[in-house]
Structures are given as structure tokens and as C-alpha cells.
Amino acid sequence: MSGSRRTALRVGIAAAALTVGAVALDEPAYSAEQTGNNEGASSEQAAGSDSTGIYATARIHYSGSVTKDGSTGNITPSDITWSPPPCWYAPYLGAKDFKKKMSENIDNALNTPGMGGTAGSAIGEVKRHYEDGYGWTDTPGYQDYNVEKDGEGMFWAGVENPDEPDILKRGSCTDLPFWVDNGEAPPPQYEEAVRPEILAALAYQHMRLPDTKVSLAPEGTTKVNLPTWAWLDKAVFDEVHATAAIDVPGFHIEATTTARPVSLTLEPGTPDAQTHPASGECRINADDSIGEPYTKGKADRTPPCGITYLRSSGDGTFKLRATITWDITWTGTGNTGGDDLPDGTFGTTQAVTVQEIQSVNR
């Protein structure tokens with residue numbers, strides 16, 4: 001299909017208000033309950049169906065450690081250039097439902113007063129494309145909206161990522177809806193067609209990581225020049241999983257994104273402090289814990305993970321920030337998977353009071 005022909009068709013689509021450049025799905029119905037570190041929350045977008053059982057829209061179902069309301073999660077990509085997919089193509093309507101919706105929109109557009117010129121011609125070509133088999137290179141046309149194959153596949157259309165702030169990127173999946181037989185892959189020219197890699201990125205975007213409150217000794221209040229030990233036990237510090245899936249008649253794919261903690265970075269909240277180790281990054285131990293709990297008799301030792309404050313916090317506190325770095329991998333339908341998603345970070349702060357050591361002169 002030539003660039004000018006594709007542009008003309010898109011002009012016609014926009015003029016006809018067919019909403020096929022990016023399908024305007026209904027607001028998702030989310031239900032979620034936070035149940036713990038590994039179980040997280042479940043955010044589900046339920047698809048609708050007509051009396052034939054053909055789904056009207058393909059919704060993404062989120063499960064595992066994801067946000068309650070379907071918004072973006074609290075994970076921060078280590079690669080600041082990474083962004084989730086702004087839009088994608090997904091199953092939209094069965095043939096009969098698509099014919100009803102599209103034909104009504106086309107007829108309304110053609111009967112709009114003043115509709116003519118390039119826009120009118122483009123709308124006419126869209127009508128021929130779906131009714132009379134009019135196609136072009138790598139894009140075949142359809143007879144009567146493919147209704148003779150109703151139930152054997154679905155028309156796919158563009159879907160916007162509602163969390164994409166750039167409106168141009170969000171609305172960039174503007175190709176005409178196309179047919180995909182049940183069990184078949186979308187045509188290769190639709191690079192944004194939903195696949196496990198896209199679902200893995202969306203699960204990553206919605207992933208919710210646990211708060212990072214480290215154990216400290218002394219706890220809450222420490223002394224100037226006294227090493228403060230910091231650690232995280234394996235019991236409160238484990239893998240997190242988030243899954244995104246699409247399941248409609250004849251089509252099911254899913255991907256699970258896994259975040260595994262690998263290090264803890266301590267920021268004392270003041271430049272007048274020394275971190276242990278000097279980099280402030282405490283690596284994970286062989287037993288999946290970080291640091292080492294303080295026990296009696298270690299007062300004169302340098303902690304493998306901790307902080308020594310060099311001045312008092314006065315009447316206030318220092319805001320100790322503890323940030324976990326998470327290694328990200330994913331697995332998906334069809335033995336897909338990889339480690340191409342960026343590592344993630346998430347940190348929280350806790351107040352630390354630092355006092356001067358009081359000496360008594362006799």
C-alpha cells in the first residue's frame with residue numbers, strides 16, 4: 001500500500017469518526033485486593049460478549065503483584081530511555097458485530113452534509129475494502145465483512161495504552177482493522193500486534209513492588225560514630241511476579257514478568273556519614289538475604305551493610321533511603337521469554353535519629 005493511499009484512507013477514517021485508528025474501549029472494570037508481597041493484587045478487565053459468545057473487545061487481565069486500580073506501578077526502570085508500548089493491535093470484534101458497527105459508521109459518514117473530496121473518496125474506499133474485496137499490496141479486501149467466517153476469527157484493531165502521556169504515540173496504531181483466523185498469528189506487517197513481549201512490558205509497567213524497610217541496629221536511634229547495622233531477611237524480601245493475559249475465543253496469550261531482588265543501596269540522608277561498603281550498595285547473599293543481622297559482641301566490627309553517622313541529627317532526624325535493585329526477567333506463551341526488560345528500582349525512606357555520645361567527667 002502506498003504512503004499516499006494509506007494517508008488518504010486515514011483521513012477518511014478520521015472524518016467518519018470510525019474510531020478504528022485506536023479503538024475507544026470502555027472504561028475497564030477493575031477489581032483488586034492487596035494480599036501480600038508475592039500474591040499482590042489482581043486487576044481484571046472483563047471482556048463483554050454478545051449472544052453468540054464472540055467477545056466485543058479484548059481486555060488485558062492483570063494478576064499477581066500489580067496496582068489495585070490498573071495505573072502504573074511503583075517500579076522505576078533503570079534505563080531512563082525505556083517506555084512501555086504506547087499502543088498495540090488486539091482482537092476487537094467478530095465479523096457480524098464488526099459489520100454492524102463499521103457499516104453504520106460508514107453510512108453515517110457518507111451521508112454527512114458536506115462530506116466529499118479526499119475524505120469522501122477515502123470513506124468510499126474503506127467501504128469497498130470491507131464489502132467488495134478491494135485491497136492492496138499485503139492487505140487483502142473482504143467480501144461482506146467476512147461474515148461467512150463469523151466465529152472462525154476476529155477483526156483486530158488498534159488499542160491505546162491509557163497510561164501513555166504522549167497523545168501522538170498513544171494514537172499511532174492507526175491501520176485499518178484486519179482479520180485474523182483463530183489460532184493464526186497476525187500478518188507480519190503489523191509489528192505492534194499484541195504478543196507475549198508486549199504483555200510482559202505491560203505487566204512490568206503495572207508491577208507493584210513491596211516497600212523497603214530495612215532492619216537497623218541500633219533501631220530508630222543511633223549514636224555519632226557508632227556503626228549502624230542494616231539488613232533484609234529473605235523472609236520479607238523475595239521475588240515478585242506480575243502477569244498480563246488476553247483470553248478471547250480462539251486466542252490466548254500471556255506473559256509473566258518476574259522481579260528478583262539483587263542489591264540494596266543505602267543513602268544516609270546527610271553527607272556527614274560513611275556507608276558500608278563505601279559504595280553504599282549491599283549485594284545479595286547466597287541465602288537471598290542482604291547484609292547481616294547484628295548480634296551481641298559485634299559492636300567493634302564494621303558491618304557488611306550499614307552506615308556510620310558522623311554528626312548528630314539535632315532536634316530532627318535523617319531520612320535514610322533504602323532502594324532495592326530488582327533483576328527483571330519474563331516468560332510467555334509459546335516458550336517465549338528473556339531478560340530484555342530493564343532492571344527496576346524502588347525505594348522508601350525511614351527516619352533515623354542520631355545522638356551525640358554523652359560522656360561523664362569525674
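**First stop: a disulfide**

The torsion about the S-S bond of Cys 282 and Cys 305 is about 90 degrees, so this disulfide is right-handed. The pair joins distant parts of the chain, 23 residues apart: Cys 282 belongs to strand 12 (residues 281-283), and Cys 305 to the loop between strand 13 (290-291) and strand 14 (306-309). Helices (H or I, at least four residues) and strands (E, at least two) are DSSP runs, numbered from the N terminus. A disulfide is here a pair of cysteine sulfur atoms within 2.5 Å, and the sulfur atoms of Cys 282 and Cys 305 are 2.2 Å apart.

This is a predicted model, in which local features need pLDDT of at least 70 and side-chain atom pairs count only at pLDDT 80 or more, while totals for chains, interfaces and linings use all residues. Residues are numbered from 1 along each chain as its sequence is written, and side-chain values use heavy atoms, with hydrogens and water left out.

Are Cys 282 and Cys 305 buried or exposed? Buried means under 20% relative accessible area, exposed over 50%, and partly exposed in between (1.4 Å probe, protein chains only). Cys 282 is buried, with a relative accessible area of 3%, and Cys 305 is buried at 1%.

**Second stop: the other pair**

A search of the whole structure finds two disulfides. Select Cys 87 and Cys 173, which form a disulfide with their sulfur atoms 2.0 Å apart. The torsion about their S-S bond is about 80 degrees, so this disulfide is right-handed. Cys 87 lies in strand 3 (residues 87-93) and Cys 173 in the loop between helix 4 (167-170) and strand 5 (178-181), so the pair ties together parts that are 86 residues apart in sequence. Both Cys 87 and Cys 173 are buried. With the bonded cysteines numbered in sequence order, the pairing is 1-2, 3-4.

Select helix 5 (residues 196-206). Of its 11 residues, 10 are buried, so helix 5 is largely enclosed by the rest of the structure. Among the buried residues are Pro 196, Leu 199, Tyr 204 and His 206.

Next, select Met 102, which is found in helix 2 (residues 95-110). Met 102 is buried, with a relative accessible area of 2%.

On a 1 Å grid over the protein atoms alone, a cavity is a set of points where a 1.4 Å probe fits but cannot get out, and lining residues have an atom within 4 Å of a point. How many cavities of 30 Å³ or more are there? The count is three. The largest cavity holds about 60 Å³ of space, a volume being the space filled by probe spheres set on the grid points, which are joined across faces, edges and corners. To find the largest cavity, select lining residues including Pro 91, Trp 156, Asp 181, Glu 184 and Phe 251. Strand 4 (153-160) and strand 5 are the elements that give two or more residues to this lining.

**Last stop: the whole protein**

Finally, show the entire protein, whose secondary structure comes to five helices and 17 strands. Of its 362 residues, 44% count as buried.

Conventions: On a 1 Å grid over the protein atoms alone, a cavity is a set of points where a 1.4 Å probe fits but cannot get out, and a pocket is an open set with protein on both sides within 12 Å along at least five of seven lines; lining residues have an atom within 4 Å of a point.
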